[in-house]
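Here is a friendly walk through one structure, with the strands, rings and voids taken in turn. Please keep the viewer open while you read.

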Amino acid sequence: AANDVCHTVKWARHNEFIIITAGKGSLRVWDFDLANRKVRPSDCNLGKLQRTINYVFVDDTDEFCYAGTASGDILKVNLRSRLFRHLGPKTRMSQGVVCIDMTPAGDLIAGGGDGTIAVLHAEQLKVLNSTKLEGGGVTCIAPHSSGQLFFAATAQCSTYVVKYDTLAAELRSTCHSTRIHDVVYPAGYSELFATSSKQDIRVWNARTCAELLRVQIPNLDCDCICFSRDGRAILSGWSDGKIRAFGPQSGKLLYVINDAHVGGVTAIACANDPERIVSGGFDGSVRVWRVTAESRVMLGSMKEHKATVNCIRVRGNDVEFVTASSDGSCIIWDMRRFVRNNSLFASTFFKAVLYHPDESQLLTTGTDRKITNWDAYDGSAIRIVDGSTSAEVNTLDIAGSGEFFVSGGGDKVVKLWHYDEGQTQAIGIGHSGAVSTPTPSPTPSRTPSRTPLSLC
C-alpha cells in the first residue's frame with residue numbers, strides 16, 4: 001500500500017470501489033477499475049506535513065476524510081481532489097489520536113492515547129469540549145442508537161458510557177488487562193471473590209461480576225492473595241518480596257511485612273488461627289508468621305525447596321501444612337516444630353497441592369500432566385490419572401464436600417472430576433489462554449476461573 005507500514009484501511013461510505021489506506025508517512029486513495037481489473041492508487045497531497053496516521057474517518061458524504069495522527073492532531077483531506085484542507089487542534093492530544101467518530105450534531109469526537117475524549121468542530125478542528133477517562137488510551141468509540149450517548153473502550157479493558165452533550169462518563173464494565181495470577185473466595189462466603197494481577201488487586205461481586213474495589217501498586221506484580229479466616233483482611237504477596245494486607249471494604253493498607261522473601265512472594269495461605277500465616281517465595285523458602293495488630297513476627301523459616309514454592313495448603317487443625325515446589329517435591333511440614341514430617345517426589349514441576357476435606361489424602365498436579373492421589377500419612381502414591389492429553393495441568397481445587405474437584409491447565413479447559421471414580425464429569429471451554437486457578441465457590445452455585453490473559 002505504501003513504502004512503509006500501513007496502520008488502517010477504510011472503505012468509502014457510498015462507493016464500493018474506493019478504499020483509503022494510511023500509515024507511516026502515507027495517505028492513499030485506491031480506485032477499483034472493475035472493467036480493466038486494476039487497482040489504481042493516488043497519494044493525497046499533504047504538502048510538507050509528515051505524519052504517522054493511526055486512524056481514518058470518512059464523513060457521510062464521502063467528501064472529506066479525517067486522519068488521526070500519532071502526533072496528536074487531525075488532518076482534514078478532500079477525497080475528491082486528494083488535497084489537504086486543514087490541521088487541528090492547536091493543542092495536540094498526548095500519545096496521539098487513536099479513534100475518530102462523528103456526533104449527531106455533525107462535530108467530530110476523537111479519542112486519544114492518553115485517555116482524552118475531545119469534541120471538535122468539523123470545519124475548524126477546534127476543541128469544543130473534552131474529558132479524560134481512567135484506564136489507559138481510548139481505543140474505540142461506538143455510538144448508541146439513541147443518539148444521546150456513545151460507548152468508549154480503553155486500552156486497560158474498561159468500557160465507559162459517555163453522553164454527547166456533557167461528556168459525562170460512567171464506568172460500565174472493566175476487567176484485568178494483563179495476566180491474572182490468583183483468584184480466591186472468602187472462607188464460607190460466595191457473594192464476592194478477589195483476583196490479583198499486575199499492579200492491582202480487585203474485588204468482584206460474584207452475581208453481577210461488577211468491580212467493587214481496586215487496590216493498585218504501580219510497577220509491581222501481585223502473585224498471590226488470600227482472605228484472612230475472619231474476612232477482615234486481604235493478604236497478598238508481591239514481586240518486591242513484601243507481604244501486604246488490605247482492608248476488604250476500604251482497600252486501606254493495614255500492614256506490610258518487609259523482606260518476607262528474596263525474589264518475590266509466590267504463595268500465601270492463612271491458618272485457622274487468625275494470627276498465623278504461611279508464605280512461600282521465589283527462592284524456595286517457606287516461612288510462618290504471627291501477625292497481630294501491634295507486630296509481625298517470623299516464627300519459623302524452612303529452606304529445603306530448591307526452586308519456587310507454587311502452592312501452600314494448611315490442615316484444618318493447624319498442626320501441619322504442605323507446600324508444592326518447582327523442584328519436583330511436595331513437603332509436609334510440622335507447624336509447631338517447623339521441620340519436615342514427610343515429602344513427596346515426582347519427575348515434574350509441582351504446580352498445585354491440596355488436602356481432601358477429610359485430610360486422609362493429598363492431591364497434586366504439575367507439568368507431567370498427571371493428577372496424583374497420595375496417602376497423607378506415609379506419602380505413598382495411591383492413584384495416578386491423566387489430567388490432560390496435550391498440556392500441563394497448572395492447578396487444582398476441591399469442593400467442600402470432597403465429592404468433586406476441578407483442574408485447569410495449558411489446554412485452556414476447566415475440568416470437573418469425580419474424586420472417588422477419577423473420571424471427568426464435565427468440561428468448561430471458554431478461556432483464551434492457559435487456566436491457572438479455578439476456584440470452587442464455598443456454595444456450589446458457581447466456579448470462577450482465571451486465565452493468564454484477561455480480555456475485555
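## Strands E37 and E38

Trp 417 has Thr 424 in E38 as its bridge partner. This is a predicted model, and that residue pair belongs to an antiparallel pairing in which six bridges connect E37 with strand E38 (residues 423-429). The two strands make a hairpin with four residues between them. In that turn, Gly 422 has a positive phi of about 70 degrees.

How much of E37 is covered? Five of its six residues are buried, which leaves E37 mostly covered.

## Strands E36 and E37

On the E36 side, E37 is joined by five bridges, and again the two strands run antiparallel. Within this pairing, Val 406 has Leu 416 in E37 as its bridge partner. E36 and E37 also form a hairpin, here with three residues between them.

## Aromatic pairs

How many aromatic pairs does a search of the whole structure find? The search returns six. One of them is formed by Phe 321 and Trp 333, which are stacked, with 6.5 Å from centre to centre and 25 degrees between the planes. Phe 321 belongs to strand E28 (residues 320-325) and Trp 333 to strand E29 (residues 329-334), so the contact ties together parts that are 12 residues apart in sequence.

Phe 405 and Trp 417 make an aromatic pair that is stacked, with 5.9 Å between centres and 0 degrees between the planes. Phe 405 sits in strand E36 (residues 404-409) and Trp 417 in strand E37 (residues 413-418), so this pair ties together parts that are 12 residues apart in sequence. Phe 405 and Trp 417 are both buried. Together with Tyr 419, they form one aromatic cluster.

There is also a contact between a charge and a ring to look at. The charged end of Lys 76 sits over the ring of Phe 64, at 4.5 Å from the ring centre.

The largest cavity has a volume of about 40 Å³. Its lining is made by Gly 387, Ser 388, Glu 392, Val 393, Ser 407, Gly 408, Gly 409, Asp 411, Val 413 and Lys 415.

Which elements give two or more residues to that lining? They are E36 and E37. E36 gives the most, with three residues.

Strands E27, E28, E29 and E30 form an open sheet of four strands in the order E27-E28-E29-E30, with antiparallel pairing. Strand E27 (309-314) and strand E30 (340-345) are at the edges with a single partner strand each, so one side of each has no neighbour in the sheet. From one strand to the next, the twist averages 15 degrees. Five bridges link E27 and E28 in the antiparallel sense, and Arg 313 stands opposite Val 322 in E28.

Another open sheet has four strands in the order E23-E24-E25-E26, and its pairing is antiparallel. Its edge strands are strand E23 (265-270) and strand E26 (296-302), each of which pairs on one side only. With direction ignored, neighbouring strands here are turned by 25 degrees against each other on average. Strand E25 (residues 286-291) is joined to E26 by six bridges, and the two run antiparallel. Here Val 291 stands opposite Arg 296 in E26.

## The chain as a whole

Zooming out, the secondary structure of the chain comes to zero helices and 40 strands. The C-alpha trace spans about 85 × 55 × 40 Å along its principal axes. The chain has 456 residues, of which 51% count as buried.

Terms used:
Residues are numbered from 1 along each chain as its sequence is written. This is a predicted model: local features need pLDDT of at least 70, side-chain atom pairs count only at pLDDT 80 or more; totals for chains, interfaces and linings use all residues. Side-chain values use heavy atoms; hydrogens and water are left out. Rings of Phe, Tyr and Trp (its six-membered ring) pair if their centres lie within 6.5 Å; planes under 30 degrees apart count as stacked, over 60 as edge-to-face and the rest as tilted. Buried means under 20% relative accessible area, exposed over 50%, partly exposed in between (1.4 Å probe, protein chains only). A charge sits over a ring if NZ of Lys or CZ of Arg is within 6 Å of the ring centre and within 35 degrees of the ring normal. Two strands pair if DSSP finds at least two bridges between them. Axes are lines fitted to C-alpha atoms, for helices over the stretch in contact, and angles run from 0 to 180 degrees between N-to-C directions. On a 1 Å grid over the protein atoms alone, a cavity is a set of points where a 1.4 Å probe fits but cannot get out, and a pocket is an open set with protein on both sides within 12 Å along at least five of seven lines; lining residues have an atom within 4 Å of a point. Grid points are joined across faces, edges and corners, and a volume is the space filled by probe spheres set on the points.
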